[in-house]
Amino acid sequence: MDLPAPPTNYPKTLTSLILCRRRPDAGAARRQEAINNCASRRLPRPIVSPPRGPSVRHHSLLQPAPPGPASDRVVERSSAVVAQPPLPPPLLLPEMPSPTIRRLDVASPVPADIDIANSVEPLPIADIAAELGLGPEHYDLYGRYKAKVLLSVLDDLKAQQDGYYVVVGGITPTPLGEGKSTTTVGLCQALGAFLDKKVVTCLRQPSQGPTFGIKGGAAGGGYSQVIPMDEFNLHLTGDIHAITAANNLLAAAIDTRIFHENSQSDKALFNRLCPTNKEGKRRFADVMLKRLTKLGISKTDPNELTPDEVRRFARLDIDPESITWRRVMDVNDRFLRKITIGQGPEEKGMVRETGFDISVASEIMAVLALTTSLADMRERLGRMVIGNSKSGEPITADDLGVGGALTVLMKDAIHPTLMQTLEGTPVLVHAGPFANIAHGNSSIVADKIALKLVGKGGFVVTEAGFGADIGTEKFMDIKCRYSGLVPQCAIIVATIRALKMHGGGPDVVAGKPLDHAYVSENVALVEAGCVNLAKHIANTRSYGVNVVVAINKFASDTEAEMNAVRNASMAAGAFDAVVCTHHAHGGKGAVELGLAVQRACESQLEPLKFLYPLESSIKEKIESIAKFYGASGVEYSEQAEKQIDMYTKQGFSNLPICMAKTQYSFSHVPSMKGAPTGFVLPIRDVRASIGAGFIYPLVGTMSTMPGLPTRPCFYEIDVDTATGKVMGLS
């Protein structure tokens, strides 16, 4: 289709691009009149499309709902949903702010996510970039609808004031999820498409494991999605593949080094590590100088090393039993959780047990998410610890000589990927660390770039993984420590369904119909479950940020139940509590949430308060987090005690703590719902991601390689061979 050329009337400097006003739309008065007329008749307001023209795509799946009362329209969202939620009350909305903003005619029942995504033709990503104030020199195109935003933008905008910083967490979820990603996208569509705010959404990149497994993709849902949905969920710009390649290169380097050390003398090993050139001279590779410095050897000429120095330099003497580094792949494959390697005759009996993790569980993914520059990433990758020597010294990637090569494989992955929402607001997608064993947040560099791009008065909204006890806590105590960024508002997403579960409702099981208790009014059950919400509000407020509760409304939820949640939220200290219908209505369904978030950010005055000081011991930090959960104490296994002592002796005790525990309870037991107290938190083991920069205690058993269910999502995924469009993604 024909699309308008990018605006040409922008100032020349990037900072002035950020500050310039976006052009009003000529049809704004007509649309506002239609909205007001609809409101005066007390009818659900349609989302009025702009005049049809070359910049607007009208699609059969995005037609106005058929005539008739809202109660007659069925929404196929889950077994709990029987009717489309009503639109929020009338608001005076500003004129359409930008030529890249599109208005959606929502359909009822809501079509499948992939059908909605396929029915909207994305704008060329260059248009989205231009609206953000980015010129062609600030990004690299990856096809028509994706671009890598270069880190050089931070240098060009270093004098620009940051916008408001908002994190989206949630209550302790059901296995179905409570819609954090959808809420994050819907809020940003409301801020950008309806409230005329500069906004950027910052999301994690989804793994192909869940996409083809049981969970599905992570692009949002309904009319609050990132598009193109198939590209978002599959490959994107190859960052996860780069992580897979780098991770497995390091794994190969470990086993190769052990093999060669076991089969060669010190002299032969040294001669191969530092061979003579054609002139008969030796030299150390640059990365080898790091190892020499670590060993306290100041010599730079290989010929000057003593026999003892040759031995110490050339022989890492890795203890195979201490190796923590495993291979990875971005597919759920339970049969690779434990494997035996070295069984070939050429490996001379060097057999050992190891296994595969899913790629997003790699420490390299956590490094990508927490790095602040290319130089910082090089340093972090080089200091990743893969195990210990037989004398107990930590062995790093740079000891193996591979830190520079890992950085080369990751040099393009460090740049965030620019995409767009259904309503044309910009999205930065970057990194996707596990939310259990890692910190579960998108990247620092994406947030930093976004905050400069939106500028003063703009908004950057990012999502934290799982419930606020895992995702938001790690966002504050790990991500914000390393970034130096301070959020003004934290959102807690809640659903009536999850609150009923925490109030004593029957188990919620993915793939099975919901119990009647979840689709009929039961205010008492909701009120009982609000103890979970109240605990999350209190915990999040302790960081010094304003908390807004977003009630993600399902059509079976009643006014009495939502009032109970609002009342409980305000009693627990929330700044505001707002009902949202963004799944069914897009940004318009989250306008009230956008206004509440704006007020919360503008009134934020307190400094950020961390849960613990880094100077505390490893045990003191673990116990601070356990108390945060509601535990009365902590119990350490013999293995955990041993590891804590070792990391303390190795000088790693000043790192933040990243608890690895179930997302389904404040405690270590998934069946303990609500807000349990008085339990003793068991720490069965303690491990470290030294390159990423955190210690992670294991609370219970954490699987780092998911398995496929009996009927994975891939049964529904196919391609329309006539059009090339992907079908069946969820």
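## Basis of the description

Helices (H or I, at least four residues) and strands (E, at least two) are taken here as DSSP runs, numbered from the N terminus. The structure is a predicted model, in which local features need pLDDT of at least 70 and side-chain atom pairs count only at pLDDT 80 or more, whereas totals for chains, interfaces and linings use all residues. Residues are numbered from 1 along each chain as its sequence is written, and side-chain values use heavy atoms, with hydrogens and water left out.

## Overall architecture

The protein chain contains 24 helices and 24 strands. Of its 730 residues, 58% are buried, a term that denotes under 20% relative accessible area, with exposed meaning over 50% and partly exposed in between (1.4 Å probe, protein chains only). Contacts are defined by heavy atoms within 4.5 Å. Among contacts in the protein chain with a separation of 6 or more, 76% link residues 24 or more positions apart.

## The second largest pocket

A pocket is an open set of points on a 1 Å grid over the protein atoms alone, with protein on both sides within 12 Å along at least five of seven lines; a cavity, by contrast, is a set where a 1.4 Å probe fits but cannot get out, and lining residues have an atom within 4 Å of a point. Volume is the space filled by probe spheres set on the points, which are joined across faces, edges and corners. The second largest pocket has a volume of about 1400 Å³. Its lining comprises 49 residues, with I323, T324, W325, R326 and R687 nearest the centre.

Two or more lining residues come from each of β9 (352–354), α13 (363–370), β11 (385–388), α24 (638–649), β21 (685–689) and β22 (694–698); α24 gives the largest share, 5 residues. By class, the lining has 18 nonpolar, 17 polar and 14 charged residues, where Ala, Val, Leu, Ile, Met, Phe, Trp, Tyr, Cys and Pro count as nonpolar, Asp, Glu, Lys and Arg as charged, and the others, Gly among them, as polar. At least three lining residues come from each of domain 2 (241–393) and domain 3 (618–698), with bounds from an automatic or database domain assignment.

## Nonpolar cores

A nonpolar core is a set of buried Ala, Val, Leu, Ile, Met, Phe, Trp, Tyr and Cys residues joined through side-chain atoms within 4.5 Å. In the largest such core, of 113 residues, L250 and M410 touch the most other members. Beyond four places in sequence, L250 contacts W325, M384, I386, A397, L400, V402 and L406. A second, separate core of 27 residues includes V168, L187, V199 and L593.

I618 belongs to helix α23 (residues 618–629) and is buried because its relative accessibility is 1%. Leaving out residues up to four places away in sequence, I618 touches I644, Y647, T648, S653 and I657. The C-alpha atoms of I618 and P656 are 8.4 Å apart, although 38 residues separate them along the chain.

P656 lies in the loop between α24 and β20 (680–683) and, at 2% relative accessibility, is likewise buried.

## Backbone features

Most residues other than glycine have a negative phi, and most peptide bonds are trans. The S108 to P109 bond is cis, with omega near 0 degrees, and a cis bond also joins I227 and P228, with omega about -5 degrees. Positive phi values occur at D196, near 55 degrees, and at L236, about 55 degrees. D196 is partly exposed, at 21% relative accessibility, whereas L236 is buried, at 9%.
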